[in-house]
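Let's take a walk through this fold, strand by strand and contact by contact. Keep the viewer open while you read.

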Amino acid sequence: GTNEQFVLKEGRPGSGLDGQNRDAVARLKQEALILKRLKGLDCVAEYKEIFQAWEHTFLVEEYLPGTTLNTWLAAYFPFSDEQDSASYCKTVINILKQLKQAVKDIHSRGVGMGDLQPSNIIISESEDVKIIDFESASDLTDAKHSGLMTPGFTGSAKSTREQADWFALLRIARHA
């Protein structure tokens, strides 16, 4: 037996329609296709399989231990003078550098995320950056609205996925 942990994402037909009128199953299938294209990149959860049980579709992917960037920022942001802001800045710069490289690596496979935001970024205990949640992702040049957007981290609705990702990265840097 193995102690390996996985994430199981479920998609139900007709549920959770997005701005493109896609249901949860369509988004899950899209995410599976994207994760297959990104296989081998350290900065994303590894695709395992997609299967159907009864009417529901399930995507199996690697479990990434850690906290979302949202939670991490809330926990470590130096709100008072007694906290070490130099150490915080050093770590944030390291996180942002990794994030920038992750965006480049993902783009190098022709994929744009379209919904890059702090709750889709996992920070491990050793401060490694991983990106999750690729149901809004598609081709880099795709300018069709991703259907799911996070206010504050999305620019023009006419942006390509590539432009949207760089805009989001700038917003995340400002947010941190």
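How many of the 7 residues of β3 are buried? The count is 6, so β3 is largely enclosed by the rest of the structure. "Buried" here means under 20% relative accessible area, "exposed" means over 50%, and "partly exposed" is in between, using a 1.4 Å probe and protein chains only. Helices (H or I, at least four residues) and strands (E, at least two) are DSSP runs, numbered from the N terminus.

Some ground rules before going on. This is a predicted model, where local features need pLDDT of at least 70 and side-chain atom pairs count only at pLDDT 80 or more, while totals for chains, interfaces and linings use all residues. Residues are numbered from 1 along each chain as its sequence is written, and side-chain values use heavy atoms, with hydrogens and water left out.

**The sheet around β3**

Strand β3 belongs to an open, antiparallel sheet of 3 strands, ordered β1-β3-β2. Two strands pair if DSSP finds at least two bridges between them. β1 (6-11) and β2 (47-53) are the edge strands with a single partner each, so one side of each is left without a neighbour in the sheet. From one strand to the next, the twist averages 20°; axes are lines fitted to C-alpha atoms, for helices over the stretch in contact, and angles run from 0 to 180 degrees between N-to-C directions.

On one side, β3 (residues 56-62) is joined to β2 by 6 bridges. On the other, β1 and β3 also pair in the antiparallel sense, over 6 bridges. β2 and β3 make a hairpin with 2 residues between them, and W54 in the turn has a positive phi of about 60°.

Helix α1 (residues 24-37) lies across β1, β2 and β3, at about 30° to β3. Contact, for this kind of packing, means heavy atoms within 4.5 Å.

β4 and β6 are joined by 2 bridges, and T67 has I123 in β6 as its bridge partner.

Next, α2 (residues 69-76), whose buried residues are L69, W72 and L73. Looking down the axis of α2, these fall within an arc of 95° (the arc of the directions from the helix axis to the C-beta atoms), so they line one face of the helix. They pack against β4 (67-68), α3 (85-108), β6 (121-123) and α4. The face turned away from the buried side of α2 carries the exposed residues A74 and A75.

**Charged pairs**

Side chains of opposite charge can pair when their charged atoms come close. The whole structure has 9 salt bridges, each defined as a side-chain nitrogen of Lys or Arg within 4 Å of a carboxyl oxygen of Asp or Glu. Here are some of them.

| Pair | Closest N to O |
|---|---|
| K9 and D133 | 3.1 Å |
| R161 and D142 | 3.8 Å |

What do these pairs link up? R161 is in helix α4 (residues 161-175) and D142 is in the loop between β8 and α4, so this pair ties together parts 19 residues apart in sequence. R161 is buried, at 5% relative accessibility.

R27 sits in helix α1 and E135 in the loop between β7 and β8, so their pair ties together parts 108 residues apart in sequence. Both ends are buried: R27 at 7% and E135 at 18%.

The K9 to D133 salt bridge, at 3.1 Å, links strand β1 with the loop between β7 (129-131) and β8 (138-139), the two residues being 124 residues apart. D133 is partly exposed, at 31% relative accessibility.

Elsewhere, E4, K39, E46 and K48 are linked in a network of salt bridges.

**Cysteines**

How many disulfides are there? The search finds 0, taking a disulfide as a pair of cysteine sulfur atoms within 2.5 Å. C43 is buried at 8% relative accessibility, whereas C89 is partly exposed at 41%.
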